[in-house]
Amino acid sequence: MASSTSVPVAKEDSGYLHDPEVQLMLRAREDDDEAFSQLVKAYQDRLVNIFSHHLQSQEQAEDLAQEVFLRIYRSRHGYVPTARFSTWIFRIANNLASNSRRDRGRKREVAFAGGESSMMGVRPEESLVQEKSALMPTRQLDKIEMQAVVHEALLGLNERQRMAVLLHKFEDMSYQDIGDAMEMTPAAVKSLLSRARENLRQVLDAYIQIHKSA
């Protein structure tokens, strides 16, 4: 039975066939592992970055990034392009992040089918994804003070505000693309980002004022 974090499959929209990453995914659909590897390399750091800011855990961020690629790889034969590849993969990431936060009391609930691999050995597709993900950065969160403050300010946002800010600032995604990824209208995304910026401004202004008076 499909879950809310299943890779979405819908009727193909040929308007997205010009997207080079859609073309790579279509090659991956035909078992072209080199094409899939290129997609992993293009998105692994970006997903880890988004997840680490969103979930406050580098380790969990790397697990979830790996889970995104694993789900895509497992579902590759049913892939049809219905959006730009970036919009599609961040929609999967957004759903996974939401579910992970909701279920965070259960540690590693999304890690490779709940330990099935440890009992039966690593399956070929998992081995491939793990191999590609070996390029992911290891823990490297030595931040300067201002970065830490910005990070804390981001954590103060609600889940949807935070994801919208991360997609807009780190991925330079348009309101339309963010809306497609988060299943919102562009107008709703604009309003969401406006409220998020105001919340961030209040936190950062307070920090700046404290340091001015110090």
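Y43, Y79, F85, W88 and F90 form one aromatic cluster. The model is predicted, with pLDDT of at least 70 required for local features and 80 or more for side-chain atom pairs, while totals for chains, interfaces and linings use all residues. Residues are numbered from 1 along each chain as its sequence is written, and side-chain values use heavy atoms, with hydrogens and water left out.

How many aromatic pairs are there? The count is 5. Rings of Phe, Tyr and Trp (its six-membered ring) pair if their centres lie within 6.5 Å; planes under 30 degrees apart are stacked, over 60 edge-to-face, and the rest tilted. A pair of aromatic rings is described by the distance of the centres and the angle of the planes. Take Y43 and F85. Their ring centres are 5.4 Å apart and their planes stand at 65°, so this pair is edge-to-face. Y43 belongs to helix 2 (residues 33-55) and F85 to helix 4 (residues 85-102), so the pair ties together parts 42 residues apart in sequence. Helices here are DSSP runs (H or I, at least four residues), as strands are (E, at least two), numbered from the N terminus.

Buried means under 20% relative accessible area, exposed over 50%, and partly exposed in between (1.4 Å probe, protein chains only).

Y43 also meets a charge. The charged end of R46 sits over the ring of Y43, 4.2 Å from its centre. The rule asks for NZ of Lys or CZ of Arg within 6 Å of the ring centre and within 35 degrees of the ring normal. R76 and Y73 make another such arrangement, with the charged end of R76 over the ring at 3.9 Å from its centre.

Now step back to the whole chain. Its secondary structure comes to 10 helices and 0 strands. From the N terminus on, the order is α-α-α-α-α-α-α-α-α-α. The chain has 214 residues, and 44% of them count as buried. Its accessible surface is about 11300 Å², and 51% of that belongs to carbon and sulfur atoms. These areas come from the Shrake-Rupley method with a 1.4 Å probe; for residues, only the protein chains shown count as cover.

How far apart in sequence are the residues that touch? Among contacts between residues at least 6 apart, 73% join residues at least 24 apart. A contact means heavy atoms within 4.5 Å. H54 gives a local view. H54 sits in helix 2 and is buried, with a relative accessible area of 0%. Leaving out residues up to four places away in sequence, H54 touches A97, R101, E159, R162, M163 and L166.

Next come the charged pairs. The chain has 8 salt bridges, each a side-chain nitrogen of Lys or Arg within 4 Å of a carboxyl oxygen of Asp or Glu. Which residues are linked in a network of them? The answer is E198, R201 and D205. R201 bridges to E198 at 2.6 Å, N to O. Both lie in helix 10 (residues 186-213), 3 residues apart, about one turn of the helix. R201 also bridges to D205, the closest N and O atoms being 2.7 Å apart. R201 and D205 are 4 residues apart in helix 10, so about one helical turn separates them.

R201 has a relative accessible area of 41%. E198 stands at 31%, and D205 at 32%.

Another of the salt bridges joins E30 and R29, at 3.4 Å from N to O. Here E30 is exposed, with a relative accessible area of 56%, whereas R29 is partly exposed at 22%.

Finally, look at two loops. Where does D172 lie? D172 is in the loop between helix 8 (159-170) and helix 9 (175-182). Its phi is positive, about 55°, although D172 is not a glycine. D172 is exposed, with a relative accessible area of 66%. E183 is found in the loop between helix 9 and helix 10. Phi of E183 is near 55°, again a positive value in a residue other than glycine. E183 is exposed, with a relative accessible area of 62%.
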